[in-house]
Amino acid sequence: MAHRLRPEEPGFLATAPVRLVFAEEVAATPEQVFHALAEDVAGWAAWFPAVTSARPVDGGAGRDVRLRGGTRFRETVLVAREPEVYAYRVDVTNVPGTRALVEEWRLAPAGTGTRVRWTFAADGTAVLRAALRLARPGMGRSFRGAVTRLDRRIAARA
């Protein structure tokens, strides 16, 4: 059953009860990575294995995302500042116990490539918070694999 979450803003990234932060460097430029994140929303399923489908909604102001296992998110884009940051909040999800969720992808030049930092900020029941903390290693592996695949995808299209 889907339920509406608390509508947090970017400041929640610093104050959330659960903050998971992961970083990785890729060869692609910040502009190329930003394009893949913010402008090629449907392409997420090609490089992020947890994502089975993603599509922009509301003229690009939001996204509908489906994950493996049946998780669904309806999101609002909070910040799309090329080529530095892409952030969104989840407005509606079917994940029980979730109260608020904001994600941010921050991009910074690193040599000739990009340092990609993903922050996952959440609030929820004690059970959800504990589950997310336990999931940190797996989420980190998923993130690293995804940005590696994204980098390869960008290189193949160049």
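Colleague: What does the accessible surface of the chain come to, and what percentage belongs to carbon and sulfur atoms?
Modeller: This is a predicted model, and its values are computed from it. The accessible surface of the chain comes to about 7800 Å². The part that belongs to carbon and sulfur atoms is 53%.

Colleague: How many positive and negative side chains are there, and how far apart do the centres of the two sets lie?
Modeller: The chain carries 24 positive side chains and 17 negative ones.

Colleague: What percentage of the contacts in the chain with a separation of 6 or more is between residues 24 or more positions apart?
Modeller: Buried residues make up 46% of the 158 residues. Turning to contacts with a separation of 6 or more, the share from residues 24 or more positions apart is 55%.

Colleague: Which residue takes a positive phi in the hairpin of E4 and E5?
Modeller: Strand E4 (residues 62-67) and strand E5 (residues 72-81) run antiparallel and are joined by five bridges. Within this pair, Asp-64 stands opposite Arg-74 in E5. The hairpin has four residues between the strands, and the one with a positive phi, near 90°, is Gly-69.

Colleague: Which residue in E6 is the bridge partner of Glu-75?
Modeller: E5 also pairs with strand E6 (residues 85-93), in the antiparallel sense and over eight bridges. The two strands form a hairpin with three residues between them. In E6, the partner of Glu-75 is Val-90.

Colleague: Is Gly-43 buried or exposed?
Modeller: Gly-43 sits in the loop between helix H2 (30-39) and helix H3 (44-47). A residue counts as buried when its relative accessible area is under 20%. Gly-43 has 6% relative accessibility, so the class is buried.

Colleague: How far apart in space are Gly-43 and Leu-107, C-alpha to C-alpha?
Modeller: In sequence, 64 residues separate Gly-43 and Leu-107. In space, the distance from C-alpha to C-alpha is 18 Å.

How values were computed. Residues are numbered from 1 along each chain as its sequence is written. This is a predicted model: local features need pLDDT of at least 70, side-chain atom pairs count only at pLDDT 80 or more; totals for chains, interfaces and linings use all residues. Side-chain values use heavy atoms; hydrogens and water are left out. Buried means under 20% relative accessible area, exposed over 50%, partly exposed in between (1.4 Å probe, protein chains only). Contact means heavy atoms within 4.5 Å. Accessible areas come from the Shrake-Rupley method with a 1.4 Å probe; for residues, only the protein chains shown count as cover. Lys and Arg count as positive and Asp and Glu as negative; His and the chain ends are not counted. The place of a charge is taken as NZ of Lys, CZ of Arg, CG of Asp or CD of Glu. Two strands pair if DSSP finds at least two bridges between them.
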